[in-house]
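Colleague: I have not seen this structure before. Please show me how to read a few of its features.

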Amino acid sequence: MFLQLLTLASLVLLPLLFFFVFRASSQPNPKTSNNTKVLKSYPIIGSFITLYKNHERRLPWFTDLLRSSPSNTLTIHHSLGKHFVVTGNPTVVQHILKTHFPIYEKGNTFRTTLTDLLGDGIFNADGDNWKFQRRVSSHEFNTKSLRKFVEQVVDTELSDRLIPILSAAATNNLILDFQDILQRFAFDNICRIAFGYDPAYLLPTLPEAKFAVAFDDAVQFSGDRFSSFPQVWKLKRFLGIGSEKRLRAAVSEVREFANTIVREKKRELSEKKALESVDLLSRFLGSGHSDEKFVTDIVISFTLAGRDTTSAALTWFFWLLSQNPHVEDDILKEISGTTELESATGGYDEVMEMVYTHAALCESMRLYPPVPGNSKQAMKDDVLPDGTKVKKGMVVNYNVYAMGRMEEIWGEDWAEYRPERWLEEREENGAHKWKFVGRDSFSYPVFQAGPRICLGKEMAFLQMKRVVSAVLKSFKLVPVEREGGAQPEFLAYLTGKMKGGFPVTIVERA
């Protein structure tokens, strides 16, 4: 054990030693030290120093690098001979996500990093295991009964919790962190949809629900592993110290909770021979998938997907509306003009008719994607369409955040928030109406692309449109000005977040 520990420690200390030796022995050139388009590489330590210096601003930094590359693709030497590829090229994205899909898997690096939290769930699976889970999940997601259940869950959470909280904040002139409110809303929704369990996380008292806090910690510490040397977090896990100690406790809490619900559902099924509830867990168990680990892993994966993505997308959407009041006005016109809304949120067909709102949501996710990047690992040697050589075992990252800022894809006005870029005007019965015109999923991989394209895409838009309709019909959100009038900062964890939250005041509409 001592030799194993010594080996691990040497793997950790070697790159750090080169880092400190180089930093002490070299002085950066002031004319080039801040030039992000110059990616320096050195023997053994590669570009580790530059990567380390730009870690806190890695999204805009990588965006600048990819823009400056003729092919919008880069091969980077990390350290100790390890290379990886970063791309913002739609042709390359299509190559790895569809054309050569069998070659590019999640891979051992990704799976090992997230296995404590996700196990062998669908978002952490490859090969036959992934194919089986995808087939089972696809069947359930395409049922009308699940869609109806999602509508009911979202409407209840809106009418019983979100709207009353916003109304109270408006009456009492309170400041709310709307990012936190949306995360609580999404967590209640996805737990009820996935488990059939209501954590009651969105209450006026804004409680710290044990399961929700544990899930937050598990996601954060799992995501932090991607920013660390594998040798470092593996050593910390081996010793049971620091963030790895907290991750172990959080994952244990999440899995114990999930396993308890699975056992209760299985007991109910054995007694009644059929489950009355229509949540995903009940559907999986009711269709004969009784293996406890299988259903626990897959439901935790869907909880992760549904918890953070919609709340992240809506946080930045409402901020962008506050900066572009003309877009908010057009959305309000669309809401008020939609046919006979049955409730504050509208029925399914009415919500689906909200074409301009759909375009506004797509445009906000272009600039602030809920999942800012993703990666695949090559199972054998390959050559990308732009000529980049990929060796077996290399990781290829496609940077969704950077792709939303590429002039080659979006034109010279890429920096503008302009929903109209997703629309065409057409004449229908003598009236001018908008028609939504989508982009191909390889230029806009916000919902992934190819065989792994997001199963919950339609469900996500349904939830987001219902929230937008209900909130904007009754309230106006006014962001609290940040110190010095600074713009909010986009943070990249497993999902994108707004640094420091999204503090707002709520104004009730007349």
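Colleague: What should I know before reading any values?

Modeller: This is a predicted model, in which local features need pLDDT of at least 70 and side-chain atom pairs count only at pLDDT 80 or more, while totals for chains, interfaces and linings use all residues. Residues are numbered from 1 along each chain as its sequence is written, and side-chain values use heavy atoms, with hydrogens and water left out.

Colleague: How many helices and strands does the protein have?

Modeller: There are 19 helices and 14 strands. Both are DSSP runs numbered from the N terminus: helices are H or I with at least four residues, and strands are E with at least two.

Colleague: What share of the residues is buried?

Modeller: Buried means under 20% relative accessible area, exposed over 50%, and partly exposed in between, with a 1.4 Å probe and protein chains only. Of the 510 residues in the protein, 50% are buried. As for contacts, meaning heavy atoms within 4.5 Å, take those with a separation of 6 or more: residues 24 or more positions apart account for 70% of them.

Colleague: How do I read a pair of packed helices?

Modeller: Two packed helices are described by the angle between their axes and the distance between the axes. Axes are lines fitted to C-alpha atoms, for helices over the stretch in contact, and angles run from 0 to 180 degrees between N-to-C directions. Here, helix H13 (residues 292–323) packs against helix H14 (residues 325–337) at about 110°, with the axes 5 Å apart. H13 is therefore roughly perpendicular to H14; that label covers 65 to 115 degrees, while under 35 is roughly parallel, over 145 roughly antiparallel and the rest oblique.

Colleague: Which residues of H13 and H14 meet?

Modeller: From H13 come Phe317, Leu321, Ser322 and Gln323, and from H14 come Pro325, Val327, Glu328 and Ile331. By class, this contact has 5 nonpolar, 2 polar and 1 charged residues. Ala, Val, Leu, Ile, Met, Phe, Trp, Tyr, Cys and Pro count as nonpolar, Asp, Glu, Lys and Arg as charged, and the others, Gly among them, as polar.

Colleague: At what angle do H16 and H19 cross?

Modeller: The axes of H16 (residues 355–367) and H19 cross at roughly 110° and come within 11 Å, so H16 is roughly perpendicular to H19. Thr357, His358, Leu361, Cys362 and Met365 in H16 meet Phe461, Met464, Lys465 and Val468 in H19.

Colleague: How should I read phi?

Modeller: Most residues other than glycine have a negative phi, and most peptide bonds are trans. In this model Ala200, not a glycine, has a positive phi of about 50°. Ala200 sits in the loop between helix H8 (178–194) and helix H9 (210–224). Gln448 also has a positive phi, near 60°, and is in the loop between S10 and H19. Gln448 is buried, at 13% relative accessible area.

Colleague: Which residue does UniProt list for "binding site"?

Modeller: The unreviewed UniProt entry lists Cys454; positions follow the numbering used here, feature names are shortened, and annotations may be inferred rather than shown by experiment. Cys454 lies in the loop between strand S10 (431–436) and helix H19 (457–474). Cys454 counts as partly exposed because its relative accessibility is 34%. Leaving aside neighbours within four places in sequence, Cys454 contacts Phe447 and Gln448.
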